[in-house]
Each structure stands twice: as C-alpha cells, then as structure tokens.
Amino acid sequence: MKKNIQHHLVSMIALAIVFVSTSSYAEKLGIVINEDNSHFYTSRTAEEMTLEGLNAFVDQYEGTEVSHLFLSTNSMKSSFASTSREAIWELGEQEMPTGAGKQWMDNARLLHERGLDPFAVWIARSREKGIEPWLSMRMNDLHEVPNVKSYMHSTFWVNNPQFWRIPNDKRGGYSSRALDFGHPEVREHAMSFVRELLERYDPDGLELDWMRFGWHFKAGEEAQGAEILNDFMREVRQLTKEWSVKRGHPIKLSARVPAHPDAARGLGMDGVLWVQEGLVDMLTPCPFWTSSDFDIPVELWKERIGASVKKVVIAPGLEHNTRAHSGGAPIANDLASTRGFAASAWYRGADQIYLFNYMDSETRPVSASDYRILVENGLGKKLVTTETRRHIQAYRDTVPSGFDSGIKLPADPASEVAFTINIGKKPKKQAVTFVAGLAKRDGMLAATFDVTINGTPCVAMTDAIELGKYPGVARAVQFTCPPKFVQAGYNEIRIQQSGGDAQQIIWAEIRVDGK
C-alpha cells in the first residue's frame, strides 16, 4: 500500500512538472489550420510520397502566422496503417473508387510500403519548425453514407446498422446513418482509436472533432446523451494525462463543438462543462460545413464557462465556404470575409482563430497568392481592423430541433427587413457599406430601397459590379453608412423597398473598407 501511495505521488508530481513546463512554440497563439485526412494524398503525385514530400508540406508554414497544425487522421477508416480500424487502402468488400478516392488510397498505401508514417514525420517536422503539431480525430464521419458500398466505410459501420441513429435506415440520410454513441460498442470503437493515437504518436495535443459530423445520438435523445459524452471526455482526458507523463511534455486536449453553447449542449456536446471540469485545453465553437457562421457568441461561451475560462483557449472556427441560407448557393470565403470573421471573433473575446478546410490547394478558399498573404500576414487583431473586411449574414447549420438557426434570408423587402450584424471593433474613419443582393426578378434594375443603420438613414450608392462575390445574386445594391452612427459589435440594418416591382433579398453584408 505504501509503495502504491508513493508511486501515485511521484506520478502526480511528474504530471504537475509536465503541465507547468512550456516550449517556445507553445507560447504562440497564431492561426490554427486543420489539414484534413485526404487532402495531402489527393493533391500530390506518387513521386511526392517521400520523406522530402512530407517535410515540404510542413515547411510551407515555417515562419508564418500558422502556429498550430491540426492533422486529421481518419474518416471512418484511418489514413495510416491502424491496428484498431481499417486503413483507407484496405478495401475489403467495398467498391473500388476512381479519381481522387483512388489517388488517396494509392498514395497512402505507397507511404506505408515505403516505411513512412506521415503523422510521425509531420509531428517531428512541425516541432523543428516551431509549429505545434496536434492530431485530430473525426468522431463520426459520414462522408458518402448514402452509398453503403463506398470505399470510405469501415467494416464496423457497414456490419452494424443497428448502431446507426436510425437503425437500419433505408433512406440514406446523412444524420440518420451516423453512429449512435448511446451504444457502448460505438464508444469502445472510438476509444480504441484514441488509445492507438496516443500510444503510436507523440503530439502536442489531440483534438476530438465532434463536428465531423455533429449528430451522435438518436433523434430526440441528444440532450440526454450529454452525460455519455461527458464520461467519454473524462476518460480521454485521463489518457492524455497519463501519456503526458510518459512523453515528458503536456499532451493537450481540444474539441470542436456547435457554435452556440445551448446548441452544443442540446446535441450532447457540453463544451461548457468540459471546460469547467478541466477536460479540454482548447474549445472550438464552429459550424459543421454547410456555411460559415459569422455570429459565434464567444462572449456567451465565456460567460457560461465562468472563472474556468482562464484555463482554456477559445478558438472559434471558420469554414471554407459560406451560404446565406440553407438553400443558398455556396461561395468560398475570400480574404476580406476571413478577416471579417476574425475581427468579430477578436472583439467578442476569442483567444485564437481556427480555420477548417483552409488547406494549401483544392479546398483552399482563396487564390494561391492570397493563401500566402493569409498565412504570412495572419489574422492579428490590428491587421483585421485595418484591411478591408466583410461581415456576412449567414446562419447556424448545426442546432437541435426547435433551436433558432438564425436564418434571415431569403427576405421580402416589401415589408421592412432587419439584420443584426456584428462587425467587431468600431471602424476609425473607414468607409462602411451595406450590400443587399437581389434574386433575378422582373423590374429588378428599377427597384429602389431605403436603408438605415442603427436608426440613421444610409445613402444609396452605385451598384456593385463584381457580382461573383455574391452567389446567386443578379443585382447588388449598396448603401454608404454614416461613420458616426456605426458602432462596435452589433449594428442593426433595416431595409425596405420604396419603389418598383416586388423583389427578393438573398444576400446581405456589411463591408468595412481598409485604411
């Protein structure tokens, strides 16, 4: 008994030493970029599946504002030779893919055959280059679930349709075919992969990506499932503590959850409690994928968390694309909308900015040259308030049944329409413009509108010429807003049609010009 107590005390002391120690690269809170589980393999040739090719991926971020690389390890299958689930190249009875899917399989297998583990290489290289290497685990990936024979699906998922949210669902819906974490077998399947990642690799942190995808319990039972995920998080936290001692440095834990704390709790992902219990070091409130969310209430998260907020990094996440409403056309975020997101997030108390699907090609939302501007200049608090930024009216894409998703569009301006848009810090003598995008309708060009900001009239300008920035928009009317009446944080825009045939608004944003 005495030896056990002594051993426990030694372990606790060692753990305390580990968690107070920091390294130089851990002190920088720049941009987090999540590298997904397939992009590297589908964007490179077989000739680049080498140690040099793996290192080059990390090297592009050396000396930039990218401080964290979150390396996604899996969908249902893993992108390495896992012992707890199939690797992506292990086809079994599934259909052979073509195109990018085949390239993913072939290149991942080629690295394995050459004795190269990409995640081990990337972790080591990131540390060399002063970047924090984290592993990211997708907790409930549902890519291609309408096709049960897809190469992406694991044997566990295929052979256990009784564990789906809607058991043996025949309709092929994405959320209905998610695995239900109410089953202990599902939790063990996930936990075995967590254990493998920590045993196999030596990252600075582990992210549990609960937003790939965001449905983990039977419909109507999500809120009750929160305690199940709480216990799951407690077990993972204990594992990271144990491996922190073994590795001799902190292995932190993070989670991606829905953008609003009540939506997160209502879907079983109680991020507030996870922070309060010390289960996570970083929390990323974010959308799923359908659209970016420009109204993530960071201040509400911090209020709910309370005193424990000092122990966590709140890193709101931005997606690759934006839709104005659930049925709207998507458009990739540009530098200005990315900066607009960051400006609002900083103002509301964010500690860090997280970019999902902002990879170096394919899903890169900006041009190659703008991508270099993004990673090299970053999204710092000063920069994003001095460069042109866009604040877009979007919506929440992952919420419980009955929860307000914030959808304001499409809208009929024959009756007054109101938008409440958070722009972050008050502009300093910068031009502020409200843009409303109209659907194609008869009389569209002759229609006129009245607009106010916080109750003060705005002045009509010439229409925007570059309609490519506004998906589906046939005419973009613009109004200059008097700087004196533009305020920090939320601004209320009201627009009403004053003349012409009835029109429809399908896009709305506030643009703040750079200095």
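1. In the second largest pocket, strand S13 (417-422) contributes the largest share of the lining, three residues; helices (H or I, at least four residues) and strands (E, at least two) are DSSP runs, numbered from the N terminus. H12, strand S12 (389-392) and S13 each supply at least two residues of this lining. Its 19 lining residues include Asp 295, Gln 393, Ala 394, Gly 406 and Thr 420, which lie nearest the centre of the pocket, and the space amounts to about 310 Å³.

2. This is a predicted model, in which local features need pLDDT of at least 70 and side-chain atom pairs count only at pLDDT 80 or more, while totals for chains, interfaces and linings use all residues. Residues are numbered from 1 along each chain as its sequence is written, and side-chain values use heavy atoms, with hydrogens and water left out.

3. On confidence, the mean pLDDT (the predictor's confidence in each residue, from 0 to 100) of the chain is 94, with 95% of its residues at 70 or more. Over residues 5-11 the pLDDT stays under 50, and the model has one contact (heavy atoms within 4.5 Å) beyond four places in sequence for them. Residues 20-26 are also below 50, and this stretch has nine contacts beyond near neighbours in sequence.

4. Nine strands make an open sheet in the order S7-S6-S5-S4-S3-S2-S1-S11-S8, with parallel pairing; two strands pair if DSSP finds at least two bridges between them. Strand S7 (313-314) and strand S8 (317-318) stand at the edges with a single partner strand each, so one side of each is left without a neighbour in the sheet. Strand S6 (residues 282-286) runs parallel to S7 and is joined to S7 by two bridges, with Leu 283 having Ile 314 of S7 as its bridge partner.

5. Helix H5 (residues 118-128) touches strand S2 (66-72) and strand S3 (132-138), and its direction makes about 150 degrees with that of S3; axes are lines fitted to C-alpha atoms, for helices over the stretch in contact, and angles run from 0 to 180 degrees between N-to-C directions. Helix H12 (residues 335-347) touches S8 and strand S11 (353-356), at about 145 degrees to the direction of S11.

6. A second open sheet, with antiparallel pairing, has five strands in the order S12-S20-S14-S18-S17. Its edge strands, S12 and strand S17 (459-460), each pair on one side only. Seven bridges join strand S14 (residues 432-438) to strand S18 (residues 475-481), which run antiparallel, and Val 435 stands opposite Gln 478 in S18.

7. For the spaces, a 1 Å grid over the protein atoms alone is used: a cavity is a set of points where a 1.4 Å probe fits but cannot get out, a pocket is an open set with protein on both sides within 12 Å along at least five of seven lines, and lining residues have an atom within 4 Å of a point. Grid points are joined across faces, edges and corners, and a volume is the space filled by probe spheres set on the points. The largest pocket holds about 550 Å³, and among its 25 lining residues Asp 36, Ser 38, Arg 138, His 143 and Asn 357 are the closest to its centre.

8. Helix H7 (184-200) and S3 each give two or more residues to the lining of the largest cavity.
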